[in-house]
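Open the model in your viewer and colour it by chain. The stops below go from the contact between the chains to a single annotated span.

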2 protein chains.
Amino acid sequence: MPYRAPVAEMTFLLKEVVGFDEVSATPRYAEASDDMVQAVLGEAGRLCDEVLAPLNRAGDLQGAVLENGVLRSSPGFAEGYAALAEGGWVAVSADPEHGGMGLPVAVGTAVNEMMAGACLALQLNPLLTQGQIEALEHHASEEIKALYLPKLISGEWSGTMNLTEPQAGSDVGALTSKASPNGDGTYAVTGQKIFISWGDCDFVGNVCHLVLARLPDAPAGTKGISLFLVPKYIPDGGGAPGVANDLKVVSLEHKMGLHGSPTCVMSFDGATGWLIGEEGDGMRAMFTMMNNARLGVGGQGIGAAEGAYQHALEYAMERKQGRSPDGTIVGHADVRRMLAGMKADILAARAIALSCAVAIDMGRATDEAEWIARAAFLTPIAKAFGTDVGCEAAEAGVQVWGGMGYIEESGAAQYYRDVRVTAIYEGTNGIQAMDLVGRKLMDGGEAAGRLLDEIEAQAEAAKATAPELAGAVWEAAESLREATEALVARPMPERFGVAVPYLRAFARVLGGHFHLRAAMADPSGAHARLARFYITRLLPEHAGLLAHVARGDAELMAITAEDLAA
Amino acid sequence: MPYRAPVAEMTFLLKEVVGFDEVSATPRYAEASDDMVQAVLGEAGRLCDEVLAPLNRAGDLQGAVLENGVLRSSPGFAEGYAALAEGGWVAVSADPEHGGMGLPVAVGTAVNEMMAGACLALQLNPLLTQGQIEALEHHASEEIKALYLPKLISGEWSGTMNLTEPQAGSDVGALTSKASPNGDGTYAVTGQKIFISWGDCDFVGNVCHLVLARLPDAPAGTKGISLFLVPKYIPDGGGAPGVANDLKVVSLEHKMGLHGSPTCVMSFDGATGWLIGEEGDGMRAMFTMMNNARLGVGGQGIGAAEGAYQHALEYAMERKQGRSPDGTIVGHADVRRMLAGMKADILAARAIALSCAVAIDMGRATDEAEWIARAAFLTPIAKAFGTDVGCEAAEAGVQVWGGMGYIEESGAAQYYRDVRVTAIYEGTNGIQAMDLVGRKLMDGGEAAGRLLDEIEAQAEAAKATAPELAGAVWEAAESLREATEALVARPMPERFGVAVPYLRAFARVLGGHFHLRAAMADPSGAHARLARFYITRLLPEHAGLLAHVARGDAELMAITAEDLAA
């Protein structure tokens, strides 16, 4: 399963499609020149191709195991992680004040995606650490920052998120873990957490858990939740890992895929923790890391899609079968349709993720509310569409491989099994869509409207050179605008029954917009031909999706639970 | 993973939706009264619920293994199969002349689907035997029929299909297995076959292989292929299994799912075989069993979808999470959307499969060319749409289960892994679509047009009582008619790049038609509400699909292999 990080494509998208030049024009990111970005991505790409990709299969065949309470990671993961950390790739966007490179999130998003494409199970480890760094940068005391951030950023220690409990999954507010003050500024944290990715790790010096729990007498629901930092080993006076904390991994889950990433049931038994942020302010701090992680998980989907695509393309260009012009199955129209669809969707999803990252960078560099709102609006789309494209591309990859795709040795099945969880964790894709039509349209559709204005303006500008494509994108954006306005006019609960189709329609139209930009920048090249395919054949899907939105939820909610069981 | 065969729903569809009354009105199937069908389905349902469903999980956890060349099937499979055979369920549609029940294929299709819903891996065994029975009934000599059919129909022996070779998958014509005359009327068959489902079996007395091979000096391609019956044990004078034939299972594949079904690499080393049909006529005989098997595999997808649906619904009605009217997640709009979508698509796919079966029965009972053409037209749609719905429902099932769905113990993942192969074997769904736009439109679109006439006539008739739904179905059928006419006007190779979207659009419209019929028959019940959901929210997908057809393959084929690799 060789993998080649798509460095040239990422550079093209940053430069020509998602407006990264605006980021490097800010004082904050003035150092992020084209040359610098290209050098960084090239270097990261080499790590992915040469060091991480060769670990992917081993991580599936020999997943992480728990032996007598001791976690043993997959063969080669320790060495791969060491190379990753040594190269400075754990958290390239982290604050230079604590040892980070301070690179734009757009660059970090590209690096994350390529690490995911190479070895999804291992990449999840630094991705979670990034979320923790983000949360600590924003909410921790200076003391905590000084102690933990350099070690997390260097990769010496890793970070996890402990949210879910058996009765509290999508409904985080139902959690019951407790934290009581020890009287010395620390807290005793007690409770059981499930689905904790990389809840333990045998190739870092310490595993730092961010744990959501309730203080005594805290109110019910999300308002009563606080955030605690609970390290596996309590740092000693010199900041080195000291005595073991009162927590343990109870068991590992037996998952369909991503075997290289240990998914832990964690038990905290009066473990010593430090409050992060204010009491009762845990959800806000959690959302800081969640938003980062959501974009990151979207990138996991895209990386897996790229891996599955390259894997399928390589097979299609070698496998001889039937009568096709060059004898291989890539000459068959339906195989080509699958591959073109994968590639076109990957471009759309990648551009959405990178443009979300650009908005985050611009928000940070300028503090302008419009950029901040745009980042917030694009995050659930980047997460859900990126991971949907991951699942769909992996499914198409199996199909391109045909019967061989169902045999584990081919590797196609691993992509299919591994990527599936990305549509579930960090908020299921249904939760993302509810966030989009709920919280993200609470501005009355302003952020959405500004995006649509840009899409239409770009389409207008492209009309002279590519009238058919530009016209199709403009029309689609206008339909989406009407649907958005109608949706905003509906009361909140009615929006939820059409949320997923609305999110996908928005992604489809954004994809049309970015493909059109790519075609404008590469008018006689591969991007122009791919854009033509996307806009004429994939973009029309938006109409069927918007039909859901137009109907609202009346037909859906008329179906009773008894009807479903009939 | 409890399973309840949807007997009432199947009975409703047969009686009210797919016109089974026409079948029981023929002299050939006069005995298949409503009461009789209901009794048969009820009895089969009990076997599925009580005997087969409990085996499903064991088949995944302890798949078939090969130990020193001896196959050992999953725990309980032998007992499950014995009960299945004893009940007469191996081949309910087989000819009474050789011990079959002679029931309509429509009834057999329903029985097959429920056995697949209960335990897909085991059900594949009798499904393959059915294909062999069909092939022998049509093409074998009276001697062979008298010897083999009673044992296959009773389930005492099982049957397999040996088509694929490493270099000959979708392109069957590339196969190189050889058969040379022994001089005594038998042939020596030599070659290696791969992907042979149930290539061996430890709970039947003999395994009968139908093997495609070439006679000496046979022409290249499909014209040089003949069909041979090659039993594991050569029957002795009394018809009992005698000496072992020169064939063996070399190895089992390590598959993503369907572990209970051994997928064998077979080696034939001068094994004794009997020619079935004429020399060089193997492809025709093979298509007899393939068409049967294709409808059967479509039913596997539907059965798996039903299993995944019931499994997800049960969880959704028990799992408490978040604020919903009744406290469980079935109250959440997006969960309900997923469940309603699964249920609505299952109805559509099931009705398509049953109406295909009705056409087969009518063709047999009347010999009318129109029925025969309809069966041929609907077969690839039933296969591809049935299995696509299987994959999509299993995917939605995982999503309804959320994080638990990714954990193997929940069982949701097994449905997802097991059903995936149904979109690949018996001709990939891409091959089905090529068959539809190629061979099945070679009549200039006549069979398609007659179906569309019926859909529109039914919509006209429904306009008085359900104007909106009837209007939407009529409009969709008319769009499909235009697309069909445009497609027929294109030269053959240009059709292949739009074949898959065309097939799906046809299935979507057929689904609208059958939902409308269901709503007419149950105007104030659950079917009417489900039809409303399907027609207003799922049917509009056809427009985006037909956009592919309207474009043709120009944009697709403009993308070169170099573009894909760029």
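Start by selecting the residues where the two chains of this predicted model touch: 83 residues of chain A are in contact with 83 residues of chain B. Show the surface of this selection. About 7,400 Å² is buried between chain A and chain B, with 61% of that area on carbon and sulfur atoms. Now pick out Tyr406(A), Arg537(A) and Leu564(A), which supply 13% of the area chain A buries against chain B, more than any other three residues.

Next, look at the charged pairs. There are 8 salt bridges between chain A and chain B. One of them joins the side chains of Arg551(A) and Glu468(B), at 2.6 Å from N to O.

Select residues 526-538 of chain A, helix α18. This helix gives 8 residues to the side of chain A that touches chain B, the largest share. By type, that side of chain A divides into 40 nonpolar, 20 polar and 23 charged residues.

Zoom out to both chains. How can chain A be laid on chain B? A turn of 180° with a shift of 0.0 Å along the axis does it, at an RMSD of 0.0 Å. That is the relation of a two-fold axis. The copies meet through the same surface, because 100% of the interface residues of chain A are also interface residues in chain B.

Last, select residues 79-156 of chain A. An unreviewed UniProt entry places the feature "domain: Acyl-CoA dehydrogenase/oxidase N-terminal" there. The span is 71% helix and 0% strand, and its end C-alpha atoms lie 13 Å apart.

Methods. Residues are numbered from 1 along each chain as its sequence is written. Chains are lettered from A and ligands numbered from 1 in the order in which they are written. This is a predicted model: local features need pLDDT of at least 70, side-chain atom pairs count only at pLDDT 80 or more; totals for chains, interfaces and linings use all residues. Side-chain values use heavy atoms; hydrogens and water are left out. UniProt positions are given in the numbering used here, feature names are shortened, and annotations may be inferred rather than shown by experiment. Helices (H or I, at least four residues) and strands (E, at least two) are DSSP runs, numbered from the N terminus. Copies are superposed by least squares on the C-alpha atoms of residues with pLDDT of at least 70 in both. Contact means heavy atoms within 4.5 Å. Buried area is the accessible area (1.4 Å probe) that two parts lose on being put together, summed over both. A salt bridge is a side-chain nitrogen of Lys or Arg within 4 Å of a carboxyl oxygen of Asp or Glu. Ala, Val, Leu, Ile, Met, Phe, Trp, Tyr, Cys and Pro count as nonpolar, Asp, Glu, Lys and Arg as charged, and the others, Gly among them, as polar.
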